[in-house]
Amino acid sequence: MCGRLSQYRGIHDFVAALSMPNALVNTVGDQPLERYNVAPTTQVALLHLEGDLLHADLVRWGWRPQWATDRPPPINARVEKVMHGPFFHAIWPHRAIAPIDNWFEWVYEGGSKKQPYLIRRKDRAPILCAAIGQYPAGGREPRDDDGFVIITANSVGGMVDIHDRRPVVLAPELAREWLTHATPKERAEQILLHQGEPAEEFEWFKVDFAVGNVRNDGARLIRPMS
């Protein structure tokens, strides 16, 4: 999965798609997010549970443990390693959902530039990505080392032609189970490994090269190339 996504709906649209009955604590705001070209290290709306409350917070996309100062913070975590390796051990218990509208990948098709593709659900519903992270809890203020990563798996079907990795996207009922504290870690692992949404649920198409510049934004970036 390449490092670019869109969050242009309002947080209440994402919460409605999740369809979780818990009361919402919203620090993101009520207006549409209107971010079409979201880059790593920037703040991304994230959903997570604290006690019985569903929290919507802005959290930096990217995280690393304090001892890993020799590398940039990863933005993604491979599902094959995230549960058992030491790197993400501290945040593995802190499950979250990164709700997005679409993500982008770049494919070399000849010429001097890679061609950007937009990937979204065929039904245009929000995409609920499995994530883990470190974020404000217990009323504390955000810290400089807060952040999150999106969990990725191998691409299958036609999607592998666009990129060999993709986010683990969960149907709403599985996203709710993933978030719930009572879900055992063994069950959470099985959800990630075997129950992500299949490639058949998605569509992809070429978009303008302008999305490659993080300074560009706006709805034109998600329109199919003519």
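Helix α1 is followed by S19, whose phi is positive, near 55 degrees; helices here are DSSP runs of H or I with at least four residues, strands are runs of E with at least two, and both are numbered from the N terminus. This is a predicted model, in which local features need pLDDT of at least 70, side-chain atom pairs count only at pLDDT 80 or more, and totals for chains, interfaces and linings use all residues. Residues are numbered from 1 along each chain as its sequence is written, and side-chain values use heavy atoms, with hydrogens and water left out.

Helix α1 itself spans residues 11-18, and I11, F14, V15 and L18 are buried in it, buried being under 20% relative accessible area with a 1.4 Å probe and protein chains only. Viewed down the axis of α1, these buried residues fall within an arc of 100 degrees, so they line one face of the helix; the arc is taken over the directions from the helix axis to the C-beta atoms. Their cover includes the strands β2 (24-26), β4 (43-50), β5 (53-60), β7 (95-100) and β10 (127-134), as well as helix α3 (172-179).

The loop between β7 and β8 (102-107) holds D101, which counts as buried because its relative accessibility is 3%. Leaving aside residues up to four places away in sequence, D101 touches residues including F14, R120 and I127, where contact means heavy atoms within 4.5 Å. Its side chain reaches the backbone nitrogen of Y8 at 2.8 Å, and a polar contact of 2.2 Å joins the side chains of D101 and R9. A polar contact is a pair of N or O atoms within 3.5 Å; within protein, one must be able to donate a hydrogen and the other to accept it, and residues adjacent in sequence count only if both atoms are side-chain atoms.

Technical notes: Buried means under 20% relative accessible area, exposed over 50%, partly exposed in between (1.4 Å probe, protein chains only).
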